Amino acid sequence: MNTLVKIAVILVLSLTGHQISAQTNFEKGMTKAFDLWEEGKWDEAENMFERISKAEEEEWLPNYYIAQMNSLKSWSEKDESILRAQLEKAQEHLDIAMTKSEDNAELLIMQAQVYTNWVVFDGATYGMKYAGKITELYTKASELDPSNPRAVMCKADWEMGSAKYFGKDTKPFCEEIKTSIELFDTFKPESDFHPNWGKERAEQVLAECKE
């Protein structure tokens, strides 16, 4: 696992705020899964999330984190067969999560992340297929949840990357990154287990804007 992926995992885990006094079986299971993930036991953590998702049929979060884990692993994956298996698993669990929670901005954001994994792996093959969909997903996520900082940040980050690729000015997106940081400062996740990642990435992008 490369350094960027390790940093991403640390940020996801540290910002999830999972160190709580769990009361329900769901909370106990989620806490255990995050503990395993933090210890670097990816397979065990993923298996725990899968068991929770089957036991708690109405909860979308376990499926979300399985998708996120496989997306994170895929950023640095060079073997197409491994990448395909990981992203197909991510997609499978996103599809399940979307049946449990419709019009969910966090799921749309993660779907865009998975599509971006494909584009990053092979832009020539997947760029035309997914580029428009990625922008649409972030736009819809922002419409569903205007105060969600991940929707604003990820959309700006994506569009900035596209602008760089095509040799266009990236400065207009820096203001959107600033806006996302303001949203991160006031954002309160629904629970200790709900997504709360992204601020460090926004600050990193903003720092690059100032270079």
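Colleague: Why is Lys140 called partly exposed?

Modeller: Its relative accessibility is 37%. Buried means under 20% relative accessible area, exposed over 50%, and partly exposed in between (1.4 Å probe, protein chains only), so Lys140 counts as partly exposed. Bear in mind that this is a predicted model, where local features need pLDDT of at least 70, side-chain atom pairs count only at pLDDT 80 or more, and totals for chains, interfaces and linings use all residues. Residues are numbered from 1 along each chain as its sequence is written, and side-chain values use heavy atoms, with hydrogens and water left out.

Colleague: What makes Lys140 and Asp103 a salt bridge?

Modeller: The term needs a side-chain nitrogen of Lys or Arg within 4 Å of a carboxyl oxygen of Asp or Glu. For Lys140 and Asp103 the closest N and O atoms are 3.9 Å apart, so the pair is a salt bridge. Lys140 sits in helix α7 (residues 123-144) and Asp103 in the loop between α5 (80-100) and α6 (105-121), 37 residues apart. Helices here are DSSP runs (H or I, at least four residues), numbered from the N terminus.

Colleague: And why is Asp103 called exposed?

Modeller: Because its relative accessible area is 54%, Asp103 is exposed.

Colleague: How do you know that Arg150 and Glu106 form a salt bridge?

Modeller: Their N to O distance is 2.8 Å, so the pair meets the definition. Arg150 lies in helix α8 (residues 149-165) and Glu106 in helix α6, 44 residues apart. Both Arg150 and Glu106 are buried.

Colleague: How many salt bridges turn up in the whole structure?

Modeller: The search finds twelve.

Definitions and conventions: Helices (H or I, at least four residues) and strands (E, at least two) are DSSP runs, numbered from the N terminus.
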